[in-house]
Amino acid sequence: MKNIVMTKDLLKEVDGVEILKNININVKKGEIYGLLGPNGAGKTTLLKAICNLISINSGSINIFEEEITSSSCEYLRKIGALIEEPFFEEELSGIENLKIHCEYLGYYNKTAVAEVLELVSMTKYKDKLVKSYSTGMRQRLGIGRAIISKPELLILDEPINGLDPAGIKEMRDLFKTLSRDFGTTIIISSHILSELELLCDTIGILKEGELHSEEPIEVIKNKNINFFLLEVENVKRTAAILKSKLKIDNFKIDGEGLIRIYDESVIQSDLIGKLVSEEINIKSFQVKTSSLEDYYLSETEEGTDE
């Protein structure tokens with residue numbers, strides 16, 4: 001399957017500071033590509049570079065199998081984007097904003113505006129002034145504007161910000177439909193890792209401006225393992241007993257009072273029995289399976305995301 005987006009040794013500097021360092025990403029046609037990374041990792045900068053909103057210092061960006069330059073613009077007709085907070089004409093209605101956008105694009109499909117309003121559940125608010133919209137309504141309208149011209153490539157930076165759980169599910173279903181039924185290629189960044197786990201085909205993780213990893217979600221899921229999650233009163237003493245008495249080395253102290261045990265040979269009843277006999281106060285004991293969030297934290301060694 002061919003790559004719709006491919007960067008090679010992409011470098012971006014701002015005031016002498018490297019924001020993107022030799023980035024090489026590969027986004028296949030029709031897939032949903034999730035972009036993760038801590039604050040300041042360079043996610044938004046990378047998305048802006050792909051849309052030619054900022055220049056790069058060196059390296060290359062290939063879109064639709066053609067290298068783009070600072071003067072490239074024709075390829076943008078095949079791209080829809082929502083990067084950072086969407087800007088609208090506040091004194092105009094939602095439907096008027098969409099009509100202006102279509103005129104700007106030279107896209108004159110007479111039914112497009114009504115269709116997209118229905119897709120993002122904004123039909124009943126179409127005549128209200130945008131200045132009266134909630135954050136979630138603005139986000140829906142921004143997504144609608146991004147997809148109105150039926151783009152081949154859709155770039156979404158935190159698209160579900162401000163949406164309630166029902167709205168998040170609606171947008172997830174919409175993105176899946178665009179990818180599955182229309183072959184739209186989607187690059188999406190989000191705070192909500194559980195959503196990306198349900199949505200994406202491939203996950204790329206940026207860390208300190210570098211592409212730390214890029215793997216299919218199925219490969220990541222196959223890495224997921226069961227582990228025991230212990231909550232105890234005395235973590236240090238418990239850790240010492242695990243090592244000296246139970247000969248368990250494959251564990252991780254995970255926050256105050258929590259220990260993860262990854263040793264698959266450990267028998268649950270033996271573990272609990274030994275700790276109780278050593279007078280360890282076990283507050284809770286759970287058998288868990290690692291998730292995309294666990295994978296992300298292990299890759300970035302960070303406790304927060306952008």
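This is a predicted model: local features need pLDDT of at least 70, side-chain atom pairs count only at pLDDT 80 or more; totals for chains, interfaces and linings use all residues.
Axes are lines fitted to C-alpha atoms, for helices over the stretch in contact, with angles from 0 to 180 degrees between N-to-C directions; helices are DSSP runs (H or I, at least four residues) numbered from the N terminus. The contact (heavy atoms within 4.5 Å) joins G94, L98 and H101 in α2 to L141, G144 and R145 in α4. By class, two nonpolar, three polar and one charged residues take part, with Leu counted as nonpolar, Arg as charged, and Gly among the polar residues.

One cavity of 30 Å³ or more was found. A cavity is a set of points on a 1 Å grid over the protein atoms alone where a 1.4 Å probe fits but cannot get out, and lining residues have an atom within 4 Å of a point. The largest cavity has a volume of about 40 Å³, taken as the space filled by probe spheres set on the points. Its lining consists of I160, I168, R172, F175, I188, S190, E195, L196 and L199. Two or more of these residues come from each of α5 (165–182) and α6 (193–199). Six lining residues are nonpolar, one is polar and two are charged.

Residues are numbered from 1 along each chain as its sequence is written, and side-chain values use heavy atoms, leaving out hydrogens and water. Local features need pLDDT of at least 70 and side-chain atom pairs count only at pLDDT 80 or more, whereas totals for chains, interfaces and linings use all residues.

Terms used: On a 1 Å grid over the protein atoms alone, a cavity is a set of points where a 1.4 Å probe fits but cannot get out, and a pocket is an open set with protein on both sides within 12 Å along at least five of seven lines; lining residues have an atom within 4 Å of a point.
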